[in-house]
Each structure stands twice: as structure tokens, then as C-alpha cells.
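This briefing covers the pockets and the metal site of the structure shown below.

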Amino acid sequence: MSALQLGKFSLGVGDRFAHQAKAQLQACIQAQQAGVEVIPVWNKSNREHNIIGSEPSSTRAAADAAVKALHWSKPYFLDADHINLTTVDRFLAPCDFYTIDVADYIGKPAQQASIDKFLKRRSDLKGTIRLEGVSQPIEITPDLLQATAAKFLFAIEEAGKVYRKIEQAKGKGNFIPEVSMDETDSAQTPAELLIILAAIADEGIPIQTIAPKFTGRFNKGVDYVGDVAQFRREIALDVAAITWAVRQFGLPQNLKLSVHSGSDKFSIYSAIYDTTRQQGVHLKTAGTTWLEEIIGLAEAGGAGLALAKEIYAQAYEHREELCGPYATVIDINPAKLPSPATVNGWTSDQYTSALRHNPVSPAYNPSFRQLLHVGFKIAAKMGPRYLDLLEANESVIARNVTENLYDRHIAPVFLGKPSPAAALQHAEAR
Ligand SMILES: [Zn+2]
């Protein structure tokens, strides 16, 4: 039996309330019709399950039902997103993709003996490395090798423990392993990435995706904040480093970058498209679908719009509590948040144009959007009141979910179509 393999292009989608899997899959079907195979990966983190009070098995049921209903015959996966040794258990049965998060262990020292062993085994990494298509050679000095091993080796050993636990439960080759290091303070350099990949190979983790950290801010649900040219250089170097590491360390041939986008990083989509034609890429988006549910409800008017307003009012009231767990990945300007009384007077159009991520629209309000992005707990608490309205307004919501994923994400990242950010730059240039 051959091992499960993740295809060249894949899209991580989040479906917090397990109601949009069909609409999300529809976006992959549209991609197929446009000539690119995009494999859907449904991801939901432990934190999201805890906030909503759901179990990973519900994500599995929703994904399976969507695949069946739409006759999707290509692979699809369920990602246990950002798990570690303590949180992996309930994801063992329903998932077949594991994002092993080692960020918390970076910087913790490994045993001196294992550092010494690594330095000896990988002494050939020292010196000059020339990556394909990169003019500047990578220099790995003995000090750099030592310092990088000291910083990352313990984290990789932890990843190995998690990997082996999953392997024991599911069997080798029956799941896709990813190692993620994106939720940390500083971006890894290409030299660090090479050394990390060597350690991952030594640990025997057959990763198919790796999620490094890039410079710039990847706030939830809004565009990238940072130097786009620098991002382009970084991603090109990471891709070259991965290509080199696959050859050198015997890692899986289909190993590719995983970009944990936090949704909607329109400004960097053309850089991602340009640099991942050969190797492929996994683009993880998540919260964008939940916001499309609110947009659909608001667009529907009546009880849908009323509930969308109520969700905002409650999110506004509980904003500190809601923002707490996400403090490092949101930048809300409180002065830009409309009062609930103001929002209560809004029409469908006013609500959706403030929320919809259309960078060229003067009505678009990133603070409003980010608060609602982290506000899904409010809807979770409403329970059937929320879910019943999702069902009653399924068609308008589904249209928004599919269009958003296809037009704003799949088309620019996998087909090279201009992203909404390009439209903004164009408008500013005029
Ligand atoms: Zn992440």
C-alpha cells in the first residue's frame, strides 16, 4: 500500500460551525474547471474546538458528507491544526493530516549529548551551500550550526514524539505530517531552515509540508502588513532551501511550503504564485469562511441581518475577552469600531460593505472585520439560533463562501489571477 500523498496545490479551509463544507468544496470544483487541481484540507485547531465546544469528528462528518454530495473523487484531508503531545488525542481517529506545532519548544535546550550527536552527524552542513536559482550562497559557520541546533533541536525532538504517537495510532503512511513553526517571534533564516530540515529528517518525520515563520504581520482575516518585496525574497529562499533539503536529506519528494496565512493575505498572493509553480504550496486559510457566514446573514436581511447586528453588539461588549487569546495576531483600532447603536441602524449593504474584505471599497473597515473574526464564540453560544439561520439562508451564504474562496484566494494563489490587493495598488496609482 502506498503512503498518502498531499497533491502539489492544496488549500486549508476552516469551517467553524461545520455548515459550509459543500460551499468550500465547490470552490475546489471551480478550480478544477479552471484547470488546476486544488486539494481541500479542512482544518480546525484545538483552540477553535474548545471555544465552539465541538469535536473533530464533526468536521470529519461534514467533510465526508460534502465530498459525497458533490461527487469529489480527488483526495481530501482533515487537518489536526496546531496540535502537540497533550492535545493530539481526540484528533487521532478523525484526522489524516497533522500540523505538529513546536513553536512553544523553540529555544528550549536539548540534551548536550543529542546536540553533540547532531553536530557530528551533520558536520558536512558546514561551509558554503549554493541553492538553485539563488545568487547569494548560504554560509553555515560552525557557530551557526551549533547555535541553530541549540535553538531548535529540542523542538524537533518534541515533534518526533508527537509524530511517533500519531504513527502508532494510525500506521505509517496513513497520514500527512506537517511541522509548523509559524507562531513564534522571528522568521527563520534559510540557513536555519536547512538545519531544521536536517534535524527533521534525522528524527524520521516524513513531513510533506513545513510552515516556517515569515517576517511581517499575519493578522487574522486582514491583509499582510509588512514589506512585500522582502516577503518575496524570503519565500523564494525557503522554496530553494526545501528543494535542496529534499535531495540532500531524503525527505519526501513532494515536501512543500505551508503558508499559515491567517486568511486574506492578498498583497503577497502574487509572490506565492510566482515562487511555488514547481514545488507547489499549501495555503492555509481559516476564519474567512465564518465571516462569509455573517456576510451572508447580513445580506439576507430580516432575521439574518438582525442576528448579524446582535453578534456585533455582543462582540463589541465582550471585545477584551474575545481578543485576549488572539492578541498577537490582531490589530484593532478601538476608535474605528462603530458603536452597536450605529450598526443597529445599518442596512444590509452598509453591514456587508464594512465587513467584506474589499480593499478598494472606502466602506471596508478592518477593525470591524477583525473583531467579528475573533467573535465566533458569540455565535457558538447562540447555538441553534445561529445554526437555524445558517440553514434558512444556506444559498446566499454558500454563494458568498464559494465566491470568496475562489475569487479572492484560489484564483490569485493557484491560477495567478490578480488579487484584490492588486486592484488596490492599481487604484492608488491612478
Ligand atoms: Zn499556524
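Helix 7 (228-249) and helix 8 (269-275) each contribute at least two residues to the lining of the second largest pocket; helices (H or I, at least four residues) and strands (E, at least two) are DSSP runs numbered from the N terminus. The model is predicted: local features need pLDDT of at least 70, side-chain atom pairs count only at pLDDT 80 or more, and totals for chains, interfaces and linings use all residues. Residues are numbered from 1 along each chain as its sequence is written, and side-chain values use heavy atoms, with hydrogens and water left out.

**Second largest pocket**
- Helix 7 provides the largest share of this lining, seven residues.
- By class, the lining has seven nonpolar, seven polar and four charged residues (Ala, Val, Leu, Ile, Met, Phe, Trp, Tyr, Cys and Pro count as nonpolar, Asp, Glu, Lys and Arg as charged, and the others, Gly among them, as polar).

**Largest pocket**
- Helix 2 gives the most to the lining of the largest pocket, three residues.
- The lining of the largest pocket comprises 12 nonpolar, 16 polar and 13 charged residues.

**Zinc site**
- The zinc ion has the protein donors His82 (NE2), Asp182 (OD) and His260 (ND1), at 2.0 to 2.2 Å; donors are N, O and S atoms within 2.8 Å of the metal (3.2 Å for Na, K and Ca), and sites may look incomplete because water is not among the atoms.
- Histidine 82 lies in strand 3 (residues 77-83) and aspartate 182 in the loop between strand 7 (176-180) and helix 6 (190-202), 100 residues apart.
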